[in-house]
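Okay, thanks everyone, I'll keep this short.

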Amino acid sequence: CSSDLPDEALSTSHKVLQHAKTLEDKLRAQIVTVRLLARGEARDFDSAIDELKSILKSYDVTVPKNFVPFKVFLEKRKLQSRIGSIESLLQLPRLDLENKEDKRTSNIMKLLTLFMRYHLIGRHVDQMRMYAVGRVLNMSIEKGVSEDTALALSSIAAYLAKEGHPDCAKV
């Protein structure tokens, strides 16, 4: 029966997590767990977000609990000045997934974009999503781009347009 598939997937991901030795070995199973928590009739976005925060913490990434409006403003300004033009973004190097450090960076970006996608309810929704977007874009500028960079760029453009800044949304 197809209703058993999520339970089977969750069971399998738990088995993988029990036997995995490295963060990279665990990642796919952790993503499966998060996606299963956030889908279906029994979706639980809060649990998915808590799970993502826990996974990110294992990568030494701590998600802030509170956002000071001025700090959010400064982060947006810093990011805006670093992004520059679309041409400069197109010149950024791509992460080399054969390189251990680049792979780790890519994994963190992937987790942050999941965090952004599933943080739909609760307190500080926009700030939490912009935190994730900002982290991905800053990591992209500092270390290289991945497919998650494109998602973060489109998300920040949508946010800026929604907030009444359509000119800023055009990079």
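Quick definition before the pattern: helices here are DSSP runs of H or I with at least four residues, strands are E runs of at least two, and numbering goes from the N terminus. And keep in mind that this is a predicted model.

With that, reading along the sequence you get α-α-α-α-α-α-α-α-α. That's nine helices and zero strands.

Some overall numbers. The protein has 171 residues, and 37% of them are buried. It exposes about 10,500 Å², with carbon and sulfur atoms supplying 53% of that. Looking at contacts with a separation of 6 or more, 65% are between residues 24 or more positions apart.

In soluble globular proteins, nonpolar side chains tend to be buried together. Here the largest nonpolar core has 38 residues, and the ones touching the most other members are Leu52, Leu111, Leu112, Tyr118 and Leu137. Which elements give two or more residues to this core? Those are α2 (23-37), α3 (45-58), α4 (69-83), α6 (100-118), α7 (125-143) and α8 (147-162).

Let's zoom in on leucine 111. Skip its neighbours within four places in sequence, and it contacts Leu27, Ile31, Leu52, Ile55, Leu56 and Tyr59.

Last stop, α6. At its start, a side-chain oxygen of asparagine 99 comes to within 2.8 Å of the backbone nitrogen of glutamate 101.

Okay, over to you for questions.

How values were computed:
Residues are numbered from 1 along each chain as its sequence is written. This is a predicted model: local features need pLDDT of at least 70, side-chain atom pairs count only at pLDDT 80 or more; totals for chains, interfaces and linings use all residues. Side-chain values use heavy atoms; hydrogens and water are left out. A nonpolar core is a set of buried Ala, Val, Leu, Ile, Met, Phe, Trp, Tyr and Cys residues joined through side-chain atoms within 4.5 Å. Buried means under 20% relative accessible area, exposed over 50%, partly exposed in between (1.4 Å probe, protein chains only). Contact means heavy atoms within 4.5 Å. A polar contact is a pair of N or O atoms within 3.5 Å; within protein, one must be able to donate a hydrogen and the other to accept it, and residues adjacent in sequence count only if both atoms are side-chain atoms. Accessible areas come from the Shrake-Rupley method with a 1.4 Å probe; for residues, only the protein chains shown count as cover.
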